Amino acid sequence: MGKTGKFDHMKLIGQYAGGHKKLIALGRAIAAVSALLVLVPYYDLWKIISIAVNGEDLSGISRYAWQAVILTVTSLLIYIVALLCTHIAAFRVQANMRSSLMRRILTLPLGVFDEDGTGKIRRIVNDSTAATETFIAHQLPDKTVAAVTPIGLMVLVFAFNWKMGLICMIPALIGFLCMTSMMGKGMQEKMKEYQNALDIMSSEATEYVRGIPVVKTFGQTIHSFRRFKASIDGYGKWTTEYTLVLRFPMTAFMTCINAIFAFIVVAAFIFAKDGVSAGLILNVMYYIIVTPLITVALTKVAYSGEAEMTLIDALKRVERVMELEPLPDNGAGRIPADHSVELKNVTYRYKGAARDAVKNVSLRIEPGEHVALVGPSGSGKTTLAELMVRFFDVTEGEILVGGVNVKDIEPSELMKQVSFVFQDSRLIKKSILENVRMAKPDADENEVMDALKKAQCMDIIEKLPKGVHTVIGEKGTYLSGGEQQRITIARAVIRNAPILILDEATAFADPDNEAKVQAAFEELAKGKTLIMIAHRLSTVMNADRIFVMEDGRCTESGDHETLMHNNGLYRKMFDEYTRSIEWKVGA
């Protein structure tokens with residue numbers, strides 16, 4: 001099955017294999033030789049049985065026996081060489097696929113990872129490439145063997161007694177028809193549904209694991225994560241329905257390929273009606289030994305077909321990632337004139353969403369101005385901040401940084417203009433020094449230490465066994481959420497970008513860490529255009545302006561005093577926030 005529809009999977013594998021493509025072809029050719037060679041000993045076996053039954057010179061048995069052994073061992077060694085060829089090519093294909101995927105992923109806008117989920121993308125990079133490697137290394141030579149073996153078997157089955165061979169092939173033919181009913185376009189679609197179900201479970205499982213601290217803290221169960229449970233239930237329902245669909249054809253297939261012995265018995269009765277001859281005994285004994293090869297061959301064909309469907313689905317998923325385009329770069333390469341940010345009638349709708357996340361928002365943030373975005377959950381605050389730095393392209397309207405449309409600014413230049421500090425900090429398994437230096441690879445240790453000092457991190461460094469050279473996650477070295485947040489702030493300090501975006505940056509900090517994080521922010525925000533997203537309204541009271549988001553629209557703006565006098569949504573939110581922090585347990 002070289003092709004399924006218009007998707008030529010072998011051609012795609014050849015592209016990733018590069019110069020190793022010839023090794024794949026060589027491995028398949030050698031596997032074919034091995035498959036044919038391993039059948040020759042069955043002729044030797046027939047000669048041995050013939051000598052024994054006909055009472056011929058027994059000295060010939062030794063010669064045929066040794067010939068059978070030598071051919072069998074030779075076939076095995078040849079097959080090992082075939083596997084060596086396909087394994088080398090498979091490793092190269094997997095390496096090239098992963099390299100290509102990671103190069104493509106690095107060019108994609110960050111919004112892709114919000115929409116598709118990191119769990120889904122991780123599974124494609126890991127599992128889909130691993131499925132391709134397994135297919136090339138093991139299943140491709142097996143598929144070649146499965147294709148060649150029936151040809152040799154037809155010779156073995158029909159050469160000595162074609163009538164008995166024909167009877168033996170009846171259940172094999174029925175089994176083959178049952179097998180083909182389980183393949184084809186319908187089953188390819190089922191395989192796609194199966195992989196989709198696994199992708200959804202993988203993505204939802206990642207989100208569930210991230211939320212385990214909340215689940216454990218409040219004594220919740222899996223039912224608190226309905227989407228994860230729904231993905232498991234959906235997968236269970238799919239597998240049950242799929243199993244029921246295949247129940248009868250699979251049962252018929254297994255019954256037929258294992259019923260060949262029964263047909264040999266029938267054939268023996270038919271041909272023995274005129275008496276039992278030495279030739280009949282020879283043929284019956286021979287077919288009893290040879291026909292199990294038919295069962296093995298058909299089983300290999302069935303499994304190779306399933307493996308190929310898995311491969312095709314895996315390659316299609318890889319191609320879908322490779323087809324994702326970076327945000328368009330018109331090559332204008334313009335440089336912002338200052339550090340202002342302006343939104344003009346901005347609208348954005350997420351892929352597959354029923355409504356706009358942000359609708360017709362217009363606002364301007366002056367250079368050096370400190371502003372805050374507040375509003376209920378789902379009001380569009382984070383989406384608005386992500387649009388400002390082009391995680392996505394707006395559906396309508398335009399966003400200007402320093403008077404220049406973000407689409408006209410080189411992505412690398414835009415990143416130089418902006419620093420991010422998110423609520424969900426990410427540190428990699430490297431030293432503190434390397435984690436901070438990610439924001440400025442050419443920074444020396446003195447610069448890193450200065451950034452750590454400004455980010456209020458010195459108490460962290462002093463307690464670590466190797467100071468700034470301590471590797472995170474090694475030998476039980478872990479940091480709390482607030483401590484990780486301060487290391488992340490040090491990254492922003494050393495980057496020293498003129499525009500700073502803080503997205504719920506103190507959400508997970510304990511009181512002691514929050515005070516230090518706030519102090520670090522004060523140092524970091526000096527002379528910068530600051531955009532804060534916050535639920536803790538006490539942190540935005542001193543902002544120059546506050547923009548209030550509701551259902552994707554900017555409904556209010558002004559400083560704290562102005563908004564409190566307006567008696568709008570901000571006043572309601574602030575009063576509720578004040579009551580929540582003043583609430584005490586009654587005596």
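My entries follow in that order.

**Ground rules.** I am working on a predicted model, where local features need pLDDT of at least 70, side-chain atom pairs count only at pLDDT 80 or more, and totals for chains, interfaces and linings use all residues. Residues are numbered from 1 along each chain as its sequence is written, and side-chain values use heavy atoms, with hydrogens and water left out.

**Totals.** I counted 22 helices and ten strands in the protein chain. Both are DSSP runs numbered from the N terminus: helices are H or I with at least four residues, strands are E with at least two. The chain has 587 residues, and 46% of them count as buried. Buried means under 20% relative accessible area, exposed over 50%, partly exposed in between (1.4 Å probe, protein chains only). I then looked up contacts, meaning heavy atoms within 4.5 Å. Among those between residues at least 6 apart in sequence, 76% join residues at least 24 apart.

**Open sheet.** I traced four strands in the order β2-β1-β4-β5, with antiparallel pairing. Two strands pair if DSSP finds at least two bridges between them. β2 (358–365) and β5 (404–405) are the edge strands; each has a single partner, so one side of each lacks a neighbour in the sheet. β1 (residues 341–348) pairs with β2 over five bridges, antiparallel. There I found V341 opposite I365 of β2. Helix α14 (residues 381–388) packs on this sheet and touches β1, β2 and β4 (396–401). The direction of α14 makes about 60° with that of β2. For that angle, axes are lines fitted to C-alpha atoms, for helices over the stretch in contact, and angles run from 0 to 180 degrees between N-to-C directions.

**Strand β8.** I checked burial along residues 529–533. Five of the five residues of β8 are buried, so the strand is largely enclosed by the rest of the structure. T529, I531 and I533 point one way, L530 and M532 the other. β3 (residues 370–374) pairs with β8 in parallel over four bridges, and A372 has M532 as its bridge partner. β7 (residues 499–503) also runs parallel to β8, with five bridges. D503 of the chain stands opposite I533 in β8.

**Surface.** I noted a nonpolar patch made of W66, V69, I70, V73, L76, L77 and I80, with about 710 Å² of accessible area together. Patch residues have over 30% relative accessible area and no salt bridge; like charges are joined within 9 Å, nonpolar side chains (Val, Leu, Ile, Met, Phe, Trp, Tyr) within 5 Å. A salt bridge is a side-chain nitrogen of Lys or Arg within 4 Å of a carboxyl oxygen of Asp or Glu. Areas come from the Shrake-Rupley method with a 1.4 Å probe; for residues, only the protein chains shown count as cover. L77 lies in helix α4 (residues 59–107).
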